[in-house]
Amino acid sequence: MRIMLAPVGQQAKIGAMSLDAEVKKRLTDIGVAVGADVEVISNSGGSLVLDVLGVRVALNRDVAMKIRVA
């Protein structure tokens, strides 16, 4: 399932990211990486807010649609 479709409050583990190398490295550097546990905090407007290791991270819809979770 794409992370954009996960309901607010759901915990998930990132399974795959279909992003270009530069964006993938930036996200990995802040903890959004394959295998990471995340929680969807908000999914409204044009962005998705995740809790990753106690830090809130906002992703735009285009990026969020390229991240799959289990």
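This is a predicted model: local features need pLDDT of at least 70, side-chain atom pairs count only at pLDDT 80 or more; totals for chains, interfaces and linings use all residues.
Let us take Ile-67 as an example. Which residues does Ile-67 contact, once its neighbours within four places in sequence are left aside? They are Met-1, Arg-2, Ile-3, Ile-14, Ala-16, Met-17, Leu-19, Leu-27, Val-32 and Leu-59. For the chain as a whole, 54% of the contacts with a separation of 6 or more are between residues 24 or more positions apart.

I turn now to the overall fold. The chain has 2 helices and 5 strands, and along the sequence they follow the pattern β-α-β-β-β-α-β. The radius of gyration is 10 Å, close to the 11 Å that the globule rule gives for 70 residues, so the chain is as compact as a globular protein of that length. Along the principal axes, the C-alpha atoms fill a box of roughly 30 × 20 × 20 Å. Of the 70 residues, 34% count as buried.

Next, the sheet. Its 5 strands form an open sheet in the order S4-S3-S2-S1-S5, with antiparallel pairing. Strands S4 and S5 stand at the edges; each has a single partner strand, so one side of each lacks a neighbour in the sheet. From one strand to the next, the twist averages 45°.

We may walk across the sheet from S4. Strands S4 and S3 are antiparallel and pair over 6 bridges, with Ala-58 in S4 as the bridge partner of Val-49. Strand S3 is in turn joined to S2 by 6 bridges, again antiparallel, and here Val-49 is the bridge partner of Ser-42. Finally, S1 pairs with S5 over 3 bridges in the antiparallel sense. In that pairing Ile-14 stands opposite Val-69, and Ala-16 has Arg-68 as its bridge partner.

Two hairpins deserve attention. S2 and S3 form a hairpin with 2 residues between them, and Gly-45 in the turn has a positive phi of about 65°. S3 and S4 likewise form a hairpin with 2 residues between them, and here Leu-53 in the turn has a positive phi of about 55°. That value is positive in a residue other than glycine. Is Leu-53 buried or exposed? Leu-53 counts as exposed, because its relative accessibility is 75% and the cut-off for exposed is over 50%.

Asp-20 caps its N-terminal end, with a side-chain oxygen 3.2 Å from the backbone nitrogen of Glu-22. Just after H1, Gly-31 takes a positive phi of about 105°. Thank you.

Terms used
Residues are numbered from 1 along each chain as its sequence is written. Side-chain values use heavy atoms; hydrogens and water are left out. A polar contact is a pair of N or O atoms within 3.5 Å; within protein, one must be able to donate a hydrogen and the other to accept it, and residues adjacent in sequence count only if both atoms are side-chain atoms. Helices (H or I, at least four residues) and strands (E, at least two) are DSSP runs, numbered from the N terminus. Contact means heavy atoms within 4.5 Å. Two strands pair if DSSP finds at least two bridges between them. Buried means under 20% relative accessible area, exposed over 50%, partly exposed in between (1.4 Å probe, protein chains only). Axes are lines fitted to C-alpha atoms, for helices over the stretch in contact, and angles run from 0 to 180 degrees between N-to-C directions. The radius of gyration is taken over C-alpha atoms; the globule rule is 2.2 Å times the number of residues to the power 0.38.
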